[in-house]
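Please keep the sequence and the model open while reading.

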Amino acid sequence: MKTLLLVAVFFTAVGVEAKGKAKGAGKRAKVKTGLDMLMQKPDALLKDKRLALIVNHSAVDSKGRHIIDLLHPKFKVAKIFAPEHGVRGEVDEHVSGEKDKKTGLPVISLYTRHKKAPDNADLADVDLLIFDIQEIGLRYYTYATTMVLAMKAAKAAGKKMLILDRPNMAAPLGVYGPVLESKFHGGFAGYYPIPISHAMTMGELANYYNNRFQIGADIEVVKLSGYKHSLFYDETGLPWRNPSPSITGMQSVLGYHLAGSLEALNISVGRGTTNPFQFFGAPFFDMKKIVTALNQAKLPGVKFYPAKFKPKRSAYSKETCRGFKLVVTNRRKVDPMRTMVTIAGILYNNLPEKNREKNWARIGNGIGDMAFIDAIAKGEKPEILVQKTQADVKAFEEERKKFLLYP
């Protein structure tokens with residue numbers, strides 16, 4: 001065993017990320033968001049329109065100004081719809097209806113509703129629905145479902161919908177993962193049959209969904225300027241806003257891509273620590289055993305370190321968890337699918353035998369294919385598991401080409 005694995009390295013919940021960018025980070029581009037582009041000539045699309053906004057705290061321009069403050073009171077903002085985690089703040093819990101504290105505009109929570117979408121009554125006094133939320137490019141990240149449901153609501157109410165585009169935070173990781181099987185279709189954490197990672201912007205995904213699944217909504221995408229799919233978010237030059245409370249930096253974005261689909265297991269994924277989706281563990285794990293197995297897999301672009309941590313909330317709140325810290329050392333070399341199935345297989349082998357199969361089945365929705373997770377549990381080699389997804393991935397990549405707006 002290498003010396004690295006023998007060293008007693010423990011990360012605590014008060015630790016901080018290593019300084020500097022991971023290898024593979026390029027020079028910053030000068031990307032402008034859809035909101036930036038809208039505000040260059042806003043009257044063309046917004047004048048004399050009664051507006052409803054579906055936004056959260058990520059809806060800022062390249063100078064960090066929030067869309068609500070840019071549009072109100074110059075334009076007629078009738079109401080604001082709040083997705084999961086709210087509008088202005090960063091709430092890692094359900095939000096209820098309220099008023100925007102800064103403007104007094106009414107805020108309607110979509111997340112607490114059964115249908116999680118506006119209804120005809122909500123849109124009766126609205127001419128134009130505007131969607132502007134930062135997403136990270138994963139099927140199980142719920143903002144894309146909020147967008148789909150809003151598109152369907154706009155179609156039903158006969159209203160136009162404007163989608164202000166934003167970068168995919170981890171598009172260079174590419175398309176990967178099983179396509180969502182039919183039993184999970186229509187779920188909030190996975191609505192349509194696409195792979196785990198779609199590598200598209202929200203605007204591109206909206207056009208894909210609208211056409212491929214025949215939603216037929218009247219949508220218009222306000223495009224980004226200066227964006228390429230080869231850029232990670234921290235290479236765009238845009239200000240950072242946590243897209244959700246536990247996505248606190250690029251290491252969290254990458255960790256969510258590589259192992260976020262496993263969160264439904266009886267483990268902590270680091271929520272309630274300073275390193276969410278970098279810490280993974282539980283009170284019952286043998287961390288050295290797990291870390292040894294992970295590093296012996298020689299996964300490109302990542303390293304694993306023993307970690308002992310105590311989350312302040314979420315799974316195993318205030319309990320000492322033992323497991324590993326996932327560190328992406330070169331994001332341009334990471335193989336996300338191989339990494340995910342390797343981590344999954346090793347965690348399966350280290351779960352308590354009591355209720356293990358029932359616990360394991362809970363990740364079906366995140367990974368999207370029950371036969372696939374059964375194959376992981378049976379010890380199928382990672383390279384064979386990855387190969388099983390390739391036909392569907394290639395078919396999706398070919399179909400998505402029609403809807404790409406950027407190089």
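Which elements do the buried residues of α7 pack against? They pack against β5 (128-132), α6, β6, β7 (218-222) and α14 (382-400). Contact here means heavy atoms within 4.5 Å. Buried means under 20% relative accessible area, exposed over 50%, and partly exposed in between, using a 1.4 Å probe and protein chains only.

This is a predicted model: local features need pLDDT of at least 70, side-chain atom pairs count only at pLDDT 80 or more, and totals for chains, interfaces and linings use all residues. Residues are numbered from 1 along each chain as its sequence is written, and side-chain values use heavy atoms, with hydrogens and water left out.

Helices (H or I, at least four residues) and strands (E, at least two) are DSSP runs, numbered from the N terminus.

**Helix α7.** Eight of the eleven residues of α7 are buried, so the rest of the structure largely encloses this helix. Among the buried ones are Met 202, Leu 205, Ala 206 and Tyr 209. Glu 204 is buried too. After α7 comes Gln 214, with a positive phi near 55°.

**The α6 contact.** The axes of α6 (residues 143-157) and α7 (residues 202-212) come within 11 Å and cross at roughly 50°. That makes α6 oblique to α7. Axes are lines fitted to C-alpha atoms, for helices over the stretch in contact, and angles run from 0 to 180 degrees between N-to-C directions. Angles under 35 degrees count as roughly parallel, over 145 as roughly antiparallel, 65 to 115 as roughly perpendicular, and the rest as oblique. On the α6 side, Tyr 143, Ala 144, Met 147, Val 148 and Met 151 take part. They meet Met 202, Leu 205, Ala 206, Tyr 209 and Asn 210 of α7.

**The strand side.** In β6, four of the five residues are buried. β5 and β6 run parallel and are joined by four bridges. Leu 128 has Lys 160 in β6 as its bridge partner. Strands pair if DSSP finds at least two bridges between them.

Leaving aside neighbours within four places in sequence, Asn 359 contacts Ala 264, Leu 265, Asn 266 and Leu 351. The C-alpha atoms of Gly 186 and Leu 149 are separated by 9.9 Å, and these residues lie 37 residues apart along the chain.
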